[in-house]
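Try each task yourself before you peek at the solution.

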Amino acid sequence: MTLSWIAWAWIPLTLWAALAQTARNAAQRSLTAGLGTLAATLVRFLYGLPLATAWVAGLTWAGAGGIPQFNGMYAAWLAMGALTQVGATAFLLLAMKERNFVLAVAYSKTEVLQVALFSAVLLHELPGPLALGAMAAATVGVVLLSLPPGGWRALRAGPGAVDGQGSGRLVVYGLSSGACFALASVGFRGASLALAEANAGVAPWVAGAWGVFWAQLLQSVVLGGWLLARQPGVAGAIARAWRMSVVAGSMGAVASIAWFTAYAMRPASDVRTLGLVEVLFSYLVSRRVFRESLTRTEGVGLALVVAGLVGVCAQW
């Protein structure tokens, strides 16, 4: 039976979100040295908020969806997603400072199995056998991508050898980023489900638009207020870096709109597994922009990630 376009639209939306997120990560990485980790994290939300606001206003003006009814359950899920996403972005930028750009992103993508676990526990959404196999293959690929220089021999040499190259911190920051991203994905998926329950027939693009708007508003206020209280000069630094900040913020907002819309259509585990295509995009950035190279083992890891992507799409 032929599926309606809404049934499969989450696939191109997720691919587009991953591509835009790769551009955002690259822009944020260049901002971290000058602004610091938390200020570079704030840039993503603060400079993305105008685009998120315009998207909500445009949909409302065009009659694509009115203002839905929000409730406490929606607010709780959204706050969980928004605040853990702040932590996820900060940990990711810290990981990027330690070593290879693509490997920092790869470690954060251990979120795939974590999001499946959190979704099962918190949302009672269980992935099917094919999806689980795809997640497993992709996760093995991520592990291979994340090996320190020297591969398995470096790991057998002990933690000191790995930490001496900065890989120990990369592991901690990357895995922490993945855990926070997993919780954020489940929070945003939960918010979409709560909104649909309170507003029968709400369109996915309406749920996605409002989700991004409220999340980025909360993130800008909480993180921005905290930074202003502790680092009063940060506002001027962020303003002076407006050119690259606009790129990071706008790409982040575009990615978030696509992610949120996909969450309104499919379980978070499916969306985040397909989102591993970002590792491939990051590989291209790593090779072409930052002139970083990968080993043969890491190449095998990339192949397994691709196999996982094919597996999750094969359900459709």
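The exercises below work through a predicted model, and each one comes with a worked solution.

**Exercise 1. A covered helix**

Task: Find out how many residues of helix H3 are buried, and list them.

Solution: 
- Step 1: Locate the helix. H3 covers residues 37-46.
- Step 2: Count the buried residues. Eight of the 10 residues in H3 are buried, so the helix is mostly covered.
- Step 3: Name them. The buried ones are Thr37, Ala39, Ala40, Thr41, Leu42, Val43, Arg44 and Phe45.

**Exercise 2. Buried or exposed?**

Task: Decide whether Ala131 and Thr261 are buried or exposed.

Solution: 
- Step 1: Recall the cut-off. A residue is buried when its relative accessible area is under 20%.
- Step 2: Check Ala131, which sits in helix H8 (residues 129-145). Its relative accessible area is 1%, so Ala131 is buried.
- Step 3: Ala116 is 15 residues away from Ala131 along the chain, and their C-alpha atoms are 9.8 Å apart.
- Step 4: Check Thr261, which belongs to helix H14. With a relative accessible area of 7%, Thr261 is buried too.
- Step 5: See what Thr261 touches. Skipping neighbours within four places in sequence, Thr261 is in contact with Leu13, Pro204, Trp205 and Gly208.

**Exercise 3. Charged pairs**

Task: How many salt bridges does a search of the whole structure find? For each pair, give the distance between the closest N and O atoms.

Solution: 
- Step 1: Start with the idea. Side chains of opposite charge can pair when their charged atoms come close.
- Step 2: Count. The search of the whole structure finds three salt bridges.
- Step 3: Take Glu111 and Arg272, whose closest N and O atoms are 2.9 Å apart. Glu111 is in helix H7 and Arg272 is in helix H15, so this pair ties together parts that are 161 residues apart in sequence. Glu111 is buried, at 0% relative accessible area, and Arg272 counts as buried at 4%.
- Step 4: Move on to Glu125 and Arg189, with 2.8 Å between the closest N and O atoms. Glu125 lies in the loop between H7 and H8 while Arg189 lies in helix H11, so parts 64 residues apart in sequence are tied together. Both Glu125 and Arg189 are buried.
- Step 5: Finish with Asp270 and Arg266, at 2.4 Å between the closest N and O atoms. Asp270 has 3% relative accessibility and counts as buried. Arg266 counts as buried at 19%, because the cut-off is under 20%.

Definitions and conventions: Residues numbered from 1 in each chain as written. Predicted model: local features only at pLDDT ≥ 70, side-chain atom pairs only at ≥ 80, totals over all residues. Heavy atoms only, no water. Buried < 20%, exposed > 50% of the residue type's maximum accessible area, 1.4 Å probe, protein only. Helix = DSSP H or I, 4+ residues; strand = E, 2+ residues; numbered from the N terminus. Contact = heavy atoms within 4.5 Å. Salt bridge = Lys/Arg side-chain N within 4 Å of Asp/Glu carboxyl O.
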